[in-house]
Amino acid sequence: MNKIVNSADSSTLKGGLHIVVVGASGGIGRALIDQLLQNKIVAKIYGLSRAEYKPECINATTATSPIYQHLVIDYEDEHTIKCAVEQITQKVDQVIVATGFLHNKHIRPEKTFKQVTSDNLLQNMLVNVIGPSLIAKHFLPMLRTDRKTVFAALSARVGSISDNQLGGWYSYRSSKAALNMMIKTFSVELKRVQPQTVIIGLHPGTVDTGLSKPFQRNVAPNKLFAREYSAQCLLNVIDDVTVEDSGYCFAWDGKRIAE
Ligand SMILES: NC(=O)c1ccc[n+]([C@@H]2O[C@H](COP(=O)([O-])OP(=O)(O)OC[C@H]3O[C@@H](n4cnc5c(N)ncnc54)[C@H](OP(=O)(O)O)[C@@H]3O)[C@@H](O)[C@H]2O)c1
C-alpha cells in the first residue's frame, strides 16, 4: 500500500483558509480533515456528516475546538444543509464533498443489467448526485470571490462514459456520470458570476475504506492506496488546479479523466 510522501504546507492558495469537508465520517473525508488540521495555512475546518467525527488530535475532553467544528447534515433532508450553512459566519475558500455510496447490506453493484433495481438506482442517485448537488446549491454562494476558491466533489473514474470498457456497476457508474455533468454545468454558470471559482470532480484511486472493502481482493497491493496517501494527493490536486480546469474531473495524480 502506498504511503504519504509529502507535506501540505506549501500551498498556492494563500493563508487563513476556511474549508468545508462534507462526509467527515467517511474514510477519505476523515483523512482529508486530519491532513488539513496539520496545515498551518488552514484557519478553520467545518466537518459535515450524519455521524459526528472528532479528529484524534483534538483533545477528547474538549467539547469545541477553535479550528474544527462539526455540523450535522443528512442528504435525505435539505433543511439540514441549509441549517449547516447558517452556522458558518464567514465566506469559505474550499468545499470538498467526500460523501458517496456504492453498497450496503441490501444493495450491491450490479454485475448484469438483470440486477438493475429502482432501489439501487435511487440510493446511488441520492448520495452521489442529489446530495452533492444540494451542497453546491447552498455552499457555492458561501465561497469568497476575491481569490481562487475550489468546490471539489469526489467522483470516480468509472463515471467516465468513454473509459467504460468493463461494464457492470450500472447504478454507481451512472450516478457518477451524472455528478460529472452537474460539475460541468455548475462550472459553466459560475464562470460568469464567480470567475475565480474552480469546480472539479476528483477520482481518489482505489482507497482502503469501507466503500471499497468488498472489492479489494483483485486489487494489486501497490494499487490499493492508504487513505492518508489518497487524501494528500487530492489536496495537492485542489492546490494546483486553475480556473481553466473548472468543469473537469481529475485523478489523484492530477491527470484529467476523459468524459
Ligand atoms: N474508496 C475508494 O476506493 C473510492 C474509489 C473511487 C471513488 N471513491 C469515492 O470517494 C468518495 C469517498 O468514499 P470513501 O471511500 O471515503 O467512502 P466511505 O468511507 O464509505 O464514506 C462515505 C461517506 O458518505 C456519507 N454518506 C453516505 N450516505 C449519506 C447520506 N444519505 N447523507 C449524508 N452522507 C452520507 C457517509 O456518511 P455516514 O458515515 O453518515 O454514512 C460517509 O461520510 C465517494 O464519493 C466514493 O464514491 C472512492
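We'll go to the ligand, then to the nonpolar cores.

Before you click: this is a predicted model, where local features need pLDDT of at least 70, side-chain atom pairs count only at pLDDT 80 or more, and totals for chains, interfaces and linings use all residues. Numbering starts from 1 along each chain as its sequence is written, and side-chain values use heavy atoms, without hydrogens and water.

Now show backbone N and O atoms. T99 puts one 2.6 Å from a ligand oxygen, V207 has one at 2.8 Å from a ligand oxygen, and G26 has one at 3.0 Å. Taken alone, the ligand exposes 900 Å² (Shrake-Rupley, 1.4 Å probe), and the protein buries 87% of that.

**Stop 1: the largest nonpolar core.** A core here is a set of buried nonpolar residues joined through side-chain atoms within 4.5 Å, buried being under 20% relative accessible area with a 1.4 Å probe, protein chains only. Pick L32, I33, I45, I200, L202 and I238, which touch the most other members of this 35-residue core. Helix 5 (227–240) is among the contributing elements and gives the largest share, seven residues.

**Stop 2: I200.** Beyond its neighbours within four places in sequence, I200 is in contact (heavy atoms within 4.5 Å) with residues including V150, F151, I183, I238 and F250.

Technical notes: A polar contact is a pair of N or O atoms within 3.5 Å; within protein, one must be able to donate a hydrogen and the other to accept it, and residues adjacent in sequence count only if both atoms are side-chain atoms. Buried means under 20% relative accessible area, exposed over 50%, partly exposed in between (1.4 Å probe, protein chains only). Helices (H or I, at least four residues) and strands (E, at least two) are DSSP runs, numbered from the N terminus.
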